[in-house]
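Please keep the sequence and the structure in view while reading.

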Amino acid sequence: MSSFKRILSGVLTLALCLMTFAGCAGDAKNAAVSMENGGSVSVSFMYLLASIQKNMYADVAAANGGNWNMVVNEEKGTTLSDLLYDVTVKAARSSLICEYLHDKVYKLVLTDEQKQVIDKQMTALAEKAGSQKALEDELSKYSADTKTMRRYLELTVKQANLYNYFYGENGIYAIDESAIKADFKENYHIVTHIYFNLASKVKEDGTLVSLSEEEIAAKRALAEEVYNRILAGEDFYTLKAEYSEDSYESEYYPNGFFVTNDTTFPTEFTSAAIEMNVGEYRLTETGGSGTPGLHILYKLPMDENLYNSDKTVYNNIKSKLISADFDKRLAEYADKVSVNEEKMALLNVAIVPEYTY
């Protein structure tokens, strides 16, 4: 696979996650959102954008009986439809700024290879629909047509170009390693543990069975005993080697668990790791949707030199810093984007069908 195709594949996924979608620049009088000296988006395109966004929130609405007027922010009285409207407008604004930066500020252009890939994408969509006419009919459900879709693909490639120009190899705004290291030091905590599984045990035939109430009670008593022995001065690592039931830590977390305020680890585990002082021990229980267990946590000193020892943590920090930097650079052009409130009044996100094609 060529480097461009990899970039295109990634940016199409990114674009769908971020819902950065824009339509063809129409006449100024038809513009719902427009960029000064740049492109614009019509109400029809905003309907299409809202339909794609709506699909992302469908599960939330479905869990509440399909009620798009459910309140999601009690303090502000914001409904799910209000939220959908706001993120749709924000996505359109971002799209137009990205296009402006690509075309006008940094003078980037689509290569012949990129144009050919877009052609292939359009052909694939028509084949999926059954014919060109069938594709037009399908897209019309979302106030779109093939011209709109081609424009969308062009914009996603432009975004890929811009993103790569900013943050790719030798990118002009590439995130410095020192910034990633500093973020790790500031926002992460390192702990290890002695783990007691309260959910199951392995039978002789290799199958898993749930623990009985008596077995769970015995595990709790053992964890409490081991914890008290540590507090009394016995060596943590000696007891860990003898009692811990975590068979994955040494392989996947050889330097300990790198914990920050996200959803990587159970809530109770995360809260304890953040609250603890270096050198402190704490007995914590986790459960909920994860595997129930008891953890004798031991908080280790921060070692910022470990910032790149876990690929997932490293990439998460880098992505977070890139996202913040990208948002900041787009914000510099925010005042060049205008929203035609009269045109946008025609957009009723509550009746927009969810994008399913």
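## Strand pairing

Strand β5 (residues 189-197) and strand β10 (residues 293-300) run antiparallel and are joined by 8 bridges, where strands are DSSP runs of E with at least two residues, numbered from the N terminus, and two strands pair if DSSP finds at least two bridges between them. Within this pairing, N197 stands opposite G293 in β10.

The model is predicted, so that local features need pLDDT of at least 70 and side-chain atom pairs count only at pLDDT 80 or more, while totals for chains, interfaces and linings use all residues. Residues are numbered from 1 along each chain as its sequence is written, and side-chain values use heavy atoms, leaving out hydrogens and water.

## The sheet and its helix

The open sheet contains 4 strands in the order β8-β5-β10-β9, with antiparallel pairing. Its edge strands, β8 (257-259) and β9 (281-286), each pair on one side only, and the twist averages 40° from one strand to the next.

Helix α9 (residues 236-243; helices are DSSP runs of H or I with at least four residues) lies across β5, β9 and β10 and runs at about 40° to β5, with axes fitted to C-alpha atoms, for helices over the stretch in contact (heavy atoms within 4.5 Å), and angles from 0 to 180 degrees between N-to-C directions.

Leaving aside residues up to four places away in sequence, V226 touches I194, F196, L239, Y243 and I296.
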